[in-house]
Amino acid sequence: MRNARRGLMGVWLVAGCAGAGYLAGCAGAGFNGAGFQAEVARGQYDAALKSLDAFPKNDVSSLLDRALLLQAQGKLDESNRAFDTAELRIADLYTRSLSREALSLITNDRALEYRAAAYEHVYIAYFRSWNYLDRNDVEGTLVEARRINQRLDFLAASCPEEDGTCGNDVFLRYWSGLLFEWGHEPNDAYVCYKKAHEALRSEGEFHPELAPADLGERLVDLAGRMGWKDEAKFYAGLYGLDPRPKPASRLGTVVWVWENGFVGRREQATTILPILKGETEEIRKDQATWSQALANRKGMNYDGVEVDYLLRISLPIFVDVPPRAGSADFETDQVCVHAQTLAPLSGMAQNALDRAMGGIVLRATARGLAKYLAKKTADKEVGKDAGTLVNLLGLALEQSDTRSWRSLPHEIGVAVLPVEPGTHATRIRVRGPDGQTLEDVTQTGVQVPAGGLVFLRHRTT
Amino acid sequence: MNEGALRLLVVSAIAMATVSCSGKSVERIDPDTTVDLSGYWNDTDSRFVSDAMISDVLSATWYTDYAKSHPDKPTVIVGTIRNQTTEHIPVGTFVGDLERAFVNSQKVRVVATAEEREEVRDERMDQGTYASDETIKQFGREHGADYMLIGNVSSIIDEKKGDEVRYYQIDMTLVDIQTNEKSWIGQHEIKKLVGRSAYKS
């Protein structure tokens, strides 16, 4: 009877682990984040797209990468379709799947579907706006401008419940303001600029040094044009500008957006949590409390302590990818402007992982503990060989979730150049951290209408 | 976690995950069937609003006034419908639905939109070179529209914890092309509640 029970138990454990391993192994197995970024940097988009096949078709992280690569290839319709699918998927994933949550508890976090970090969700609209700007599609572009504000407003309203930036994204508010101004919607533009200004005061103090270089001028100019003298005076005072209304300028504006480098990526690392002598039976009685207690032992020095078992858990770590370029200058008609970094995307990615880390460590610990207890049970009920097998399968299953939107730039900078109406050329000089020239290119044929805005984009990889 | 719980967890997770990975299925359905998947603007909204709007516009006083003073039906053109929502609404489909509702009412004549007219004029030009004298179509004999229907679609989205209220407001104006007079102004609203539960099996 006991032998039959032991045999059945062994079959259960092996079948369970193997089945779970099979199901959990599909989300990005074999994908190399560093290799992917290197391919994108070299402009090998087809190879990079091919490597994304390692993910299921509806995986949000790969859909976002796909959308950005297709955009880089000029396949704007396909890029929009990938963005659409990703956005619908993100909305659907609000509802958590209990089966996947359960599966992740015995396998790893890759069994959960990737839901996109809050900052990634909001920045979809920024990147997507280029698909419409490039076609001069005003309505499509303004849809994205509205989406930026809708998502930031939602984050602001749900803060601090969600892990978002509370809607305080100066760059996105400013960018949507520029888009509305370009689309001849001055009232909407003004509201966006005001929200960009408010985002600068998020901690209660005004930080003018973080403001886009022309934000104050745009606020004062639009307030003046719409006849709101008090507001024009208010913003002029804050930004040190003349509040008197200026005659409508013939000058056009070229807005150069510089996207630099690659966002930091998530990679797998192993952490060891010690289980001390005599703790095993206590852990069996109250696994939930012990998961929390053991999670707090991350980084603990266990020299001189009697250790029963070293619990290995896999966690994602943030690997920053410092961009090779340090600065960029944009020059048109003897006006030379240094790109001002407004969106530090890599910093946002790191913050998103830091905020999620508490939950990740707890889940990984609970999982490790369940596998440890299964090993102990197998040792006792079936035999040492079965325990070793369960342990090996458990270790093989333990993988951290390293998914994220990997093709994003490290940071986004903006250079705004006022120019006479007509056709212009812009010289772009990108420099390394030591001032050495990395790129020196000239874009010709930039047509600027009187009083109008023109958006151009340059990416350094 | 005891042995029984572990066993149950393994089996249920594998079973549920396997079920959720089942393959694609395709089913043909009646195009008039209302199917709401995401809560976004869809074909049903487009059809519903266009039918309601055209019914409204054709029962307004401008129509009876026109009929009293003119022997023929009025000629209308559907102009620009602006999308002011947070969605990429296919405005062309909506314009098509409005034209269909106008034509099917048999109360008005509908002429081609500006873009379509260009194509037709190119064809007429082409006929001037290649068509026989008997079948060639003349320039300057187009039917000019009496009224233009213009409008916009705007939206307000309110969301909290997975629940979303999507409100669409469609405003339309019929403008007398001769006088610029606004002969009719109509409005239609759609409100949808999109609920998302926190968990599913």
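Author: A residue is called buried if 20 or more other C-beta atoms lie within 10 Å of its own, exposed if 12 or fewer, and partly exposed in between, with C-beta atoms placed from the backbone. Ala116(A) is buried because 23 other C-beta atoms lie within 10 Å. The model is predicted: local features need pLDDT of at least 70 and side-chain atom pairs count only at pLDDT 80 or more, while totals for chains, interfaces and linings use all residues. Residues are numbered from 1 along each chain as its sequence is written, and chains are lettered from A and ligands numbered from 1 in the order in which they are written.

Helices (H or I, at least four residues) and strands (E, at least two) are DSSP runs, numbered from the N terminus. Ala116(A) is not a glycine, yet its phi is positive, about 75°. A second residue can be set beside it. Gln334(A) also is not a glycine and has a positive phi, of about 65°. Gln334(A) sits in the loop between E5 and E6 of chain A, and it counts as exposed because it has 5 C-beta neighbours inside 10 Å.

Two strands pair if DSSP finds at least two bridges between them. Strand E5 (residues 327–332) of chain A has 4 bridges to E6(A), and the two run antiparallel. In this pair, Glu331(A) stands opposite Cys336(A) of E6(A). Both strands belong to an open sheet of 4 strands in chain A, with the order E6-E5-E9-E10 and antiparallel pairing. Its edges are strand E6 (335–338) and strand E10 (437–448) of chain A, each of which pairs on one side only. On average, neighbouring strands of this sheet are turned by 20° against each other, direction ignored; for such angles, axes are lines fitted to C-alpha atoms, for helices over the stretch in contact, and angles run from 0 to 180 degrees between N-to-C directions.

Now to strand E2 (residues 252–260) of chain A, which is mostly covered: 8 of its 9 residues are buried. E2(A) is joined by 9 bridges to strand E8 (residues 411–419) of chain A, and these two run antiparallel. Gly252(A) has Val419(A) as its bridge partner in E8(A). E2(A) also has 8 bridges to strand E11 (residues 453–460) of chain A, with which it runs parallel. There, Val254(A) stands opposite Val454(A) in E11(A). Strands of a sheet pair through backbone hydrogen bonds, either parallel or antiparallel.

One residue of strand E8 of chain A is Val416(A). Val416(A) counts as buried because it has 21 C-beta neighbours inside 10 Å. Two residues are in contact if their C-beta atoms, placed from the backbone, lie within 7 Å. Leaving aside neighbours within four places in sequence, Val416(A) is in contact with Ala213(A), Asp214(A), Thr253(A), Val255(A) and Val337(A). Val416(A) and Phe330(A) are 86 residues apart in sequence, and 8.7 Å separates them in space, C-alpha to C-alpha.

Helices come next. Helix H10 (residues 186–200) and helix H11 (residues 215–225) of chain A pack with their axes 10 Å apart, at an angle of about 140°. H10(A) is therefore oblique to H11(A): angles under 35 degrees count as roughly parallel, over 145 as roughly antiparallel, 65 to 115 as roughly perpendicular and the rest as oblique. Among the residues that make the contact are Tyr190(A) and Tyr193(A) of H10(A), and Leu219(A) and Leu222(A) of H11(A).

A nonpolar core is a set of buried Ala, Val, Leu, Ile, Met, Phe, Trp, Tyr and Cys residues joined through C-beta atoms within 7 Å. The largest one has 81 residues, and Val122(A) and Tyr193(A) have the most contacts inside it. Helix H9 (residues 170–182) of chain A gives the most to this core, with 9 residues.

As for the whole, chain A has 16 helices and 11 strands, and 44% of its 461 residues count as buried. Chain B has 5 helices and 6 strands, and 21% of its 201 residues count as buried.
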